[in-house]
Amino acid sequence: MTATHSLGWIGMGRMGYPMAERLLKAGLEVAIWNRTRAKAEPLAAKGGVIVDRPSDLASREIVFTMVSTAKDLEQVYFGDNGLVAASRGPRPRILVDCSSIGVEQSEAIAAKLKQLDCEFVRAPVSGNGKCVKAGKLSSVVSGSKAAFDAIEPYLAKIAVSGVSYVGEGELARICKIAHNVFLGVVIQNLAEITILAQKAGVPRHAFLNFMNASVMGSTFTRYKSNALVNLDWTTTFTPPLLRKDLDLGLSAARQLDVAMPVTAATREALQAHVGAASLQTDPAAYLEKDFAALLETVALAAGLKLHPENVPMPTGLETEG
């Protein structure tokens with residue numbers, strides 16, 4: 001792929017690294033900044049240009065960000081040596097944020113960028129790092145149509161499963177919040193029915209094989225089955241982050257007068273998992289494990305002690321390793 005714009009990237013976490021790597025594998029030159037430089041340096045061998053501070057990307061036409069919180073995004077944009085902090089000099093024409101942040105936080109950032117004549121494109125994604133590598137990531141996008149048209153060819157190299165433009169402003173944030181609310185509801189109910197079947201005498205792997213082959217099976221249920229069967233809590237997304245997104249969904253529902261009783265119940269079920277973490281030797285470390293670990297809290301409430309079944313469960317994300 002030949003780039004018609006110069007590109008920059010900020011954020012080398014579990015998602016940012018493989019996303020930027022996809023652009024490099026597409027033959028694009030990408031300048032990269034990360035707070036911990038060592039995390040970005042392996043991409044130098046793949047053509048990445050590693051820079052010392054966000055402001056070093058100011059001359060790039062399009063800069064992508066993938067960070068943890070709105071506070072992090074504000075810091076890399078407007079903080080000391082921030083991407084657009086300089087009072088003079090070049091600034092990126094388009095800033096593309098792939099992070100998951102709240103609507104109000106995003107609106108405030110967009111207002112500041114508008115004063116600086118920078119286009120702000122919201123492009124949160126669906127999937128984890130393995131989805132990125134397997135070419136199964138998708139993205140939902142909002143902002144000006146002209147800015148979307150400029151960034152879409154690059155985003156399509158990252159979100160291979162699909163890039164959906166939904167309109168102006170913060171609409172992509174609403175879609176992402178709705179998406180993660182569904183994520184929370186599905187994993188909670190999947191844990192509940194799996195424990196229900198197990199307590200009746202059905203091995204978890206047998207039940208989940210049935211579910212995955214049914215009309216209710218999905219990419220999500222398939223790639224979470226290995227975790228639920230073998231109690232592998234390797235982190236893709238943490239319970240505190242999921243709780244944050246459920247809270248964002250409930251907040252939006254209050255503002256828009258939408259009743260979401262299932263979401264409210266799921267939020268409290270997740271809170272039970274956070275509370276049960278206090279029974280662990282290291283509660284903070286336990287809450288940094290994958291959100292699928294809430295299976296253990298559901299089992300605890302059912303009077304079950306879980307053990308790995310040691311049955312291989314293909315995730316469906318093995319395509320590209």
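Analyst: The model is a predicted one. To begin with a definition, patches are made of residues with over 30% relative accessible area and no salt bridge, and nonpolar side chains are joined within 5 Å.

User: Which residues form a nonpolar patch on the surface?

Analyst: Ile174, Leu256 and Val258 form it, and together they have about 260 Å² of accessible area. Val258 lies in the loop between helix 10 (239–256) and helix 11 (261–276).

User: Why is Val258 called partly exposed?

Analyst: Its relative accessible area is 43%.

User: Is Leu231 buried or exposed, and how do you know?

Analyst: Leu231 has a relative accessibility of 16%. Buried means under 20%, so Leu231 counts as buried. This residue is found in the loop between helix 9 (219–230) and helix 10.

User: What makes the phi of Leu231 worth noting?

Analyst: Most residues other than glycine have a negative phi. Leu231 is not a glycine, yet its phi is positive, at about 55°.

User: Where is Asn310, and why is it called exposed?

Analyst: Asn310 is in the segment after helix 13 (294–301). Its relative accessible area is 66%, and exposed means over 50%, so the term applies to Asn310. Asn310 also has a positive phi of about 55° although it is not a glycine.

User: Which residues does the UniProt domain annotation cover?

Analyst: In the unreviewed UniProt entry, the annotation "domain: 6-phosphogluconate dehydrogenase NADP-binding" covers residues 7–167. Over residues 7–167 the chain is 35% helix and 22% strand.

Note on methods
Residues are numbered from 1 along each chain as its sequence is written. This is a predicted model: local features need pLDDT of at least 70, side-chain atom pairs count only at pLDDT 80 or more; totals for chains, interfaces and linings use all residues. Side-chain values use heavy atoms; hydrogens and water are left out. UniProt positions are given in the numbering used here, feature names are shortened, and annotations may be inferred rather than shown by experiment. Helices (H or I, at least four residues) and strands (E, at least two) are DSSP runs, numbered from the N terminus. Patches are made of residues with over 30% relative accessible area and no salt bridge: like charges are joined within 9 Å, nonpolar side chains (Val, Leu, Ile, Met, Phe, Trp, Tyr) within 5 Å. Accessible areas come from the Shrake-Rupley method with a 1.4 Å probe; for residues, only the protein chains shown count as cover. A salt bridge is a side-chain nitrogen of Lys or Arg within 4 Å of a carboxyl oxygen of Asp or Glu. Buried means under 20% relative accessible area, exposed over 50%, partly exposed in between (1.4 Å probe, protein chains only).
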